[in-house]
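Work through the exercises below with the sequence and the 3D view side by side. Each task is followed by a solution in steps.

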Amino acid sequence: MLTINVAPDGSGQFTTISEAVLAVPYDCPAVIRIAPGIYREKLVCEKKDITLAGAGMDATRLVWNDGGKLPHPDGRPTHTFRSYTAFFSGEKLRVEDMTIENDAGPGAKAGQAIAAYVDSARAAFDRVRLLGNQDTLFCAPLPEKEREKDGFLGPRGLAPRRASAQYYHACEIAGDIDFIFGGADALFEHCTLRTVDNGLAHSWVTAPSGAAGGLGFVFWDCDFVSDCPAGSVYLGRPWRPTGKTAVLDCRLGAHIAPEGFAGWNDRTDTALAGFAEAGSTGAGERPGWVQALSAAEAAALLRTARQKCRMETTERITE
C-alpha cells in the first residue's frame, strides 16, 4: 500500500491534494494522509483504489467555488456537473475525517454548486462534512438522458452509465435544493442532514433518479435538522420518475413538511417513485404514494442496503 503525506507547510511529500493524487499510479492502492489546513483546489481523483484521510472535519478542508450559473473558460455557463469541488471516479474510494465544500453561494446567485461528485464503483465516506447549497452531493450515475441542452455537460456525460454503491457514515451533509441527488444506491447511517435556510419557500433534501429495480437512497438513524420555517422542507422528490428514498428510524425536525415527500414540479407520475418510511419521529400525514413499511420490511431493507453499500472493510484509516 502506497502512503503519501500532504501538508500545506511543506512537511509532506506534496502541498496540494491534487499533486498527491496525480502521483499515484492508477493500479496502485494508496492512502493519502492530509494534514490540517484549507486546501483551495478543484480536485479530480480517478484512481482505482484510493483513500483520502484527513485530520478531522474541522481540521482538513477542501474548498472550491464553481457554480452552474457562473462563466466557464469555454465561454458557456459552467452548468451543474462541471461545478464540483471534488470529482471521484475509479473502482474503490474511501474518504474520511475532512470537509469538502463548495462555497460559490446560494443557487439564486451561483446556480447548482456540487461539493462532491461521486462516480466511483464503490465509495465510503466516514466522518466527512459535505457543505454547499443547491446540489451539494451528486451520487452518480447520471440518468440516461438529459432534459435540456448541456444538462449533463461535464465528466462522464457521454460515458456509459455504470452502477455505484455508496456508503456514508457519521457524515454531515448540508444544502437547500436537492442537495443529495443522483442514481446511485446509497446508504446513510448516523448522518446529519442539515437544510440551509436561504429564505426559500420550499427545499428538498433528496432528488433520486435511479431505476425502479435499484435500491436508491436509504437513511437509517439520521438527524434531519434545519432553521428553516416549519413545514417548508421535503424529504425528497423524484428527479426521474422511478427514484427511491427510504427514511428509517430517523429524527425529523419541525422543518419537514407533513406530506414528507413531493412530486417533481408539475409532473404527475409521482406514484412511480419509491418513497418509503418506518419508525421515524416527527412524521406527519403522508400521501398514499408514500409507503409505510412494517418493522420487518424496514429491517429487511436495511440489511439489503448494508450488504450492497458497505465496503468489505470499514475500519478507520486515521488514528
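**Exercise 1.** How many of the five residues of strand β5 (residues 49–53) are buried?

Solution. The model is a predicted one, in which local features need pLDDT of at least 70 and side-chain atom pairs count only at pLDDT 80 or more, while totals for chains, interfaces and linings use all residues. Residues are numbered from 1 along each chain as its sequence is written, and side-chain values use heavy atoms, with hydrogens and water left out.

Step 1. Strands (E, at least two residues) are DSSP runs, numbered from the N terminus. Buried means under 20% relative accessible area, exposed over 50%, and partly exposed in between (1.4 Å probe, protein chains only).

Step 2. Four of the five residues of β5 are buried, and the strand is mostly covered.

**Exercise 2.** Find the strands to which β5 is joined in parallel.

Solution. Step 1. Two strands pair if DSSP finds at least two bridges between them.

Step 1. Strand β2 (residues 30–34) runs parallel to β5 and is joined to it by four bridges. Within this pairing, A30 is opposite I50 of β5.

Step 2. With strand β8 (residues 92–102), β5 pairs in the parallel sense over five bridges. Here T51 faces R94 of β8.

**Exercise 3.** Which side chains of strand β16 (residues 192–195) are buried, and what are the bridge partners of T195?

Solution. Step 1. In a regular strand, side chains alternate between the two faces of the sheet.

Step 1. Strand β13 (residues 172–175) is parallel to β16, with four bridges between them; G175 has T195 as its bridge partner.

Step 2. Strand β19 (residues 223–226) also pairs with β16 in the parallel sense, over four bridges, and S226 of β19 stands opposite T195.

**Exercise 4.** Give the order of the strands in the seven-stranded open sheet and name its edge strands.

Solution. Step 1. The order is β4-β7-β9-β11-β14-β17-β20, with parallel pairing.

Step 1. β4 (43–45) and β20 (233–236) are the edge strands, since each pairs on one side only.

Step 2. On average, neighbouring strands of this sheet are turned by 10 degrees against each other, direction ignored; the axes are lines fitted to C-alpha atoms, for helices over the stretch in contact, and angles run from 0 to 180 degrees between N-to-C directions.

Step 3. One of the pairings is that of β7 with strand β9 (residues 116–118), parallel over three bridges, where F87 is opposite Y117 of β9.

**Exercise 5.** Describe the aromatic pairs that F81 forms with F138 and F181.

Solution. Step 1. Rings of Phe, Tyr and Trp (its six-membered ring) pair if their centres lie within 6.5 Å; planes under 30 degrees apart count as stacked, over 60 as edge-to-face and the rest as tilted. By this rule there are 22 aromatic pairs.

Step 1. F81 and F138 are edge-to-face, 4.9 Å centre to centre with 65 degrees between the planes. F81 lies in the loop between β6 (60–64) and β7 (86–88) and F138 in strand β11 (residues 137–139), so the pair ties together parts 57 residues apart in sequence.

Step 2. F81 counts as buried because its relative accessibility is 2%; F138, at 0%, is also buried.

Step 3. The rings of F81 and F181 have centres 6.0 Å apart and planes at 40 degrees, so this pair is tilted. F181 belongs to strand β14 (residues 177–182), so the pair links parts 100 residues apart in sequence.
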